Amino acid sequence: MNDNAADNRLLIRDALREILRRIWPMANAVTSASDAMKLCALWVELCQNGVAAMEDVCDLAMVMHESGRAAAPIPLLGSCIATRLLARIGNQERQLEAIQTGDMRIALAFSQFDGDNQAGTLHVDSGIANGALANIEDWAVATHLLAFNHDGTCAALINRQATGLTCETTPGFAVPSLARLSLHDVRCELLSLTPEQATELVSLARLLLAARASGAARRGFELAIDYAKLREQFGQVIGHYQAIQHKLADCAVTLDVCDLMIENCANALQRGSGTFETAALFALASPGLRKVALELHHTFGAIGYAEEHELPRHFRRIHADMTRLGGAPLARLQVGRYLLENAGSLPELQSDTEAERLRGQVRNWLGKNWDEAARQTARLRPFAERDSDPVFIRALGKQGWLAVNWPKSHGGMEFSPLEQLAFVEEMHGAGVPIAPAQAGSWLIAPALIKFGTQPQRDQFLPLIASGEARLCLGYSEPQAGSDLASLRTKAIRDGDDYLITGQKLWTTLAETATHIFLAARTDLDAKPKHAGISLFIVPSNAPGVDIKPGMALYGRTFSTVFYDEVRVPAANLIGPLNGGWGVLTSALASERVLMGGNVARLKGLLESMANALQDRSDDPIVIDRLGGLTAELQAARLLVIRSVQMLQKGKPALLEGAISKLFTGDFSERFGETALELFGTSATLSEESLAAPMGGVIEQHVRASIMAVIGGGTAEIQRNLIAQRGFGLPR
Ligand SMILES: Cc1cc2nc3c(=O)[nH]c(=O)nc-3n(C[C@H](O)[C@H](O)[C@H](O)COP(=O)(O)OP(=O)(O)OC[C@H]3O[C@@H](n4cnc5c(N)ncnc54)[C@H](O)[C@@H]3O)c2cc1C
């Protein structure tokens with residue numbers, strides 16, 4: 001979406017919020033929602049402001065979101081479906097105008113297209129409708145019923161007063177209640193359509209229901225955040241407790257994911273596609289938002305359980321909407337089938353032309369430099385050594401692709417963030433041995449460019465860009481993991497040098513590295529602790545460096561590295577003395593992009609799984625599980641793109657990056673566990689076993705997935721960050 005359209009939408013949203021606040025105050029929302037007259041009055045006012053004439057699907061989704069937020073059940077669903085149908089048929093100006101003014105209000109029944117096998121059936125013959133329909137919303141205020149026939153080849157538009165139409169309200173979560181209608185020889189106006197159009201309209205309805213439920217959940221979440229900052233127990237506000245912070249951080253992730261998927265669906269539907277996208281949205285949002293509703297109640301305790309509190313109405317709305325139209329089970333089924341029928345490939349998400357051009361160029365290059373023969377050779381090497389391929393790394397260097405994110409003035413390619421993402425996705429999707437170059441190219445070089453001196457840049461950047469220098473990260477210590485500021489390895493000034501003494505843990509690729517990017521304490525008494533840390537580049541063959549490799553669960557090594565009075569020239573201090581914290585955190589932008597590599601790997605794995613499971617493509621469990629994974633993958637892809645798009649606009653994406661990291665890490669583990677369920681014991685076999693499905697990659701992934709949760713800041717640290725920095729809960 002371009003910035004102007006987004007700003008415009010925000011203006012419309014604010015105006016709408018103002019009207020709702022005025023006419024539909026939250027205090028009266030429950031009683032008003034049961035009062036058809038009041039609802040009609042609200043709807044007419046909104047129609048006067050153009051709501052029923054909106055055509056853009058993103059605008060419609062925004063209105064539904066706001067109606068959910070305000071607990072104002074406006075009859076937009078039927079109105080917009082009917083408008084689309086009538087507009088397609090043509091010559092329906094009179095009815096369209098009546099819908100736009102609010103005089104004609106439509107209740108909607110999809111019957112067998114509903115996805116719910118209780119929704120009933122409609123048979124239409126020569127303008128006469130018969131049948132029984134259930135789960136009809138907006139009947140309380142409707143002037144007309146729009147009902148689809150059983151095979152989606154026509155819809156019947158029926159006047160509420162028509163003879164032969166009887167109704168019964170069916171109270172439940174939905175407010176106003178859903179209705180059941182019986183039709184006996186009822187005269188109707190026939191609107192013809194195709195099953196494809198009917199499917200598209202159901203997709204639109206799904207999107208709008210999800211948008212409304214997400215609005216209700218977002219409002220409940222905001223209330224919960226406020227409450228957590230006020231309510232005191234055991235001498236402090238409950239928002240201080242990590243259990244509450246983490247619960248709310250998880251809710252924030254779900255809400256964020258739903259918002260992104262809603263926007264993506266709306267754009268797809270606006271373009272005339274979107275069936276896959278809405279099914280993926282519903283597959284994820286249905287369980288996700290219902291879980292949010294429960295967690296919000298847990299946060300409030302008894303006070304939110306009282307019917308006079310606002311929360312129960314949001315709870316009802318979310319549950320009513322997210323079980324409609326077949327709910328999550330049908331959505332997962334549809335997404336799973338899509339994946340299997342399309343041999344594991346998913347719709348592309350990006351439309352940046354330059355990025356797509358680059359994607360093609362990278363694929364081309366990989367076709368020549370990482371062909372099947374090269375892959376075979378790599379596969380024959382022991383797993384722990386597979387990442388190390390100096391010839392390939394030097395070929396990447398020749399191409400300039402070890403410096404894709406550096407400015408041209410420093411010898412880089414200066415790809416835009418979206419181009420960088422496309423590059424990383426292609427590289428990781430193809431499973432190339434790029435890991436040894438990653439720390440140097442993506443994390444250390446940008447720090448050198450930002451904080452290094454000219455001689456430092458002249459010395460190290462060409463070596464990193466060509467692949468001759470291999471760098472690793474020496475941060476973690478026995479007492480300093482998540483709390484890195486507690487590190488104790490010290491660097492003491494001695495003439496023109498520093499003497500470094502201490503111990504580092506888990507240094508990946510230390511044994512093959514030429515240099516270590518080392519964090520050490522240069523002020524032993526600094527307060528706060530992080531103010532006494534500096535960064536050095538240490539040659540790994542310097543006297544006093546002792547590297548002891550160990551094997552990690554994922555089959556690769558990491559090392560304990562001892563530093564015994566290692567003499568390092570002061571010229572190797574990177575950035576300001578005691579200002580290392582700023583250097584360490586400067587790599588955030590790269591991390592956002594690199595996350596795209598993890599997601600691309602998962603996408604490749606899902607594709608392989610879909611192909612490996614083709615012979616079980618009728619198994620409902622296979623379809624269901626694949627559908628669930630695909631929906632989550634779609635969310636992970638959107639999260640990465642959003643962070644990268646923000647970088648493209650010069651925004652740091654701190655909160656968004658944490659959300660993306662948290663979601664992708666947890667998803668990576670769920671992915672592995674689900675794959676084990678699908679393939680059973682054989683998936684626990686390693687690549688040495690010929691019986692292992694997909695060459696043992698599932699077993700490898702299950703072991704490696706834990707790393708996605710721990711590495712780059714653990715999931716708990718991300719939750720702390722989201723709750724505290726994102727939503728202001730106390731530290
Ligand atoms: C395979 C692998 C490769 C690695 N490579 C490198 C490398 O190259 N260089 C390097 O420097 N490091 C490396 N690491 C270390 C990695 O950065 C750390 O594992 C990570 O920072 C977490 O620290 P920790 O393992 O000490 O866990 P801890 O910090 O001890 O955490 C243990 C548990 O406590 C939780 N916890 C800690 N603090 C809090 C808090 N405030 N609130 C809530 N929960 C909390 C954590 O979330 C976690 O669940 C690697 C780790 C692995 C597994």
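Q: Does Trp506 count as buried, partly exposed or exposed, and what is its relative accessibility?
A: In this predicted model, a residue is buried under 20% relative accessible area, exposed over 50%, and partly exposed in between (1.4 Å probe, protein chains only). Trp506 therefore counts as partly exposed, with a relative accessibility of 45%.

Q: Which conventions apply to the model and its numbering?
A: The model is predicted, so local features need pLDDT of at least 70 and side-chain atom pairs count only at pLDDT 80 or more, while totals for chains, interfaces and linings use all residues. Residues are numbered from 1 along each chain as its sequence is written, and side-chain values use heavy atoms, with hydrogens and water left out.

Q: In which strand is Trp506 found, and what is its phi?
A: Helices (H or I, at least four residues) and strands (E, at least two) are DSSP runs, numbered from the N terminus. By this convention Trp506 is found in strand E13. Most residues other than glycine have a negative phi. Trp506 has a positive value, near 60°.

Q: Which residues come nearest to the ligand?
A: A residue is near a molecule if one of its heavy atoms lies within 4 Å of it. There are 17 residues around the ligand. By class, this shell has 8 nonpolar, 8 polar and 1 charged residues. Those that come nearest are Ser482, Trp506, Thr508, Thr714 and Glu716.

Q: How far does a polar side-chain atom of Thr508 lie from a nitrogen atom of the ligand?
A: A polar contact is a pair of N or O atoms within 3.5 Å; within protein, one must be able to donate a hydrogen and the other to accept it, and residues adjacent in sequence count only if both atoms are side-chain atoms. A backbone N or O atom of Tyr475 lies 3.0 Å from an oxygen atom of the ligand, and one of Leu473 lies 2.8 Å from a nitrogen atom of the ligand. For the polar side-chain atom of Thr508, the distance to a ligand nitrogen is 2.7 Å.

Q: How much of the ligand does the protein bury, and which elements give two or more residues to the shell?
A: Accessible areas come from the Shrake-Rupley method with a 1.4 Å probe; for residues, only the protein chains shown count as cover. Taken alone, the ligand exposes 960 Å², and the protein buries 65% of that. The elements giving two or more residues to the shell are strand E13 (497-508), helix H22 (697-710) and helix H23 (715-726).

Q: Which residue meets the side chain of Gln724 in a polar contact?
A: Gln724 lies in helix H23. Contact means heavy atoms within 4.5 Å, and beyond four places in sequence Gln724 touches Gln245, Leu729, Pro730 and Arg731. The side-chain polar contact, at 3.0 Å, is with Gln245.

Q: Where does Pro176 lie?
A: Most peptide bonds are trans. The bond from Val175 to Pro176 is cis, with omega near -5°. Pro176 lies in the loop between strand E6 (165-170) and strand E7 (178-187).

Q: What is the radius of gyration of the protein, and why does the protein count as compact?
A: The secondary structure comes to 23 helices and 18 strands. The radius of gyration is taken over C-alpha atoms, and the globule rule is 2.2 Å times the number of residues to the power 0.38. For 731 residues the rule gives 27 Å, so the protein is as compact as a globular protein of that length, with a close value of 29 Å.

Definitions and conventions
Ala, Val, Leu, Ile, Met, Phe, Trp, Tyr, Cys and Pro count as nonpolar, Asp, Glu, Lys and Arg as charged, and the others, Gly among them, as polar.
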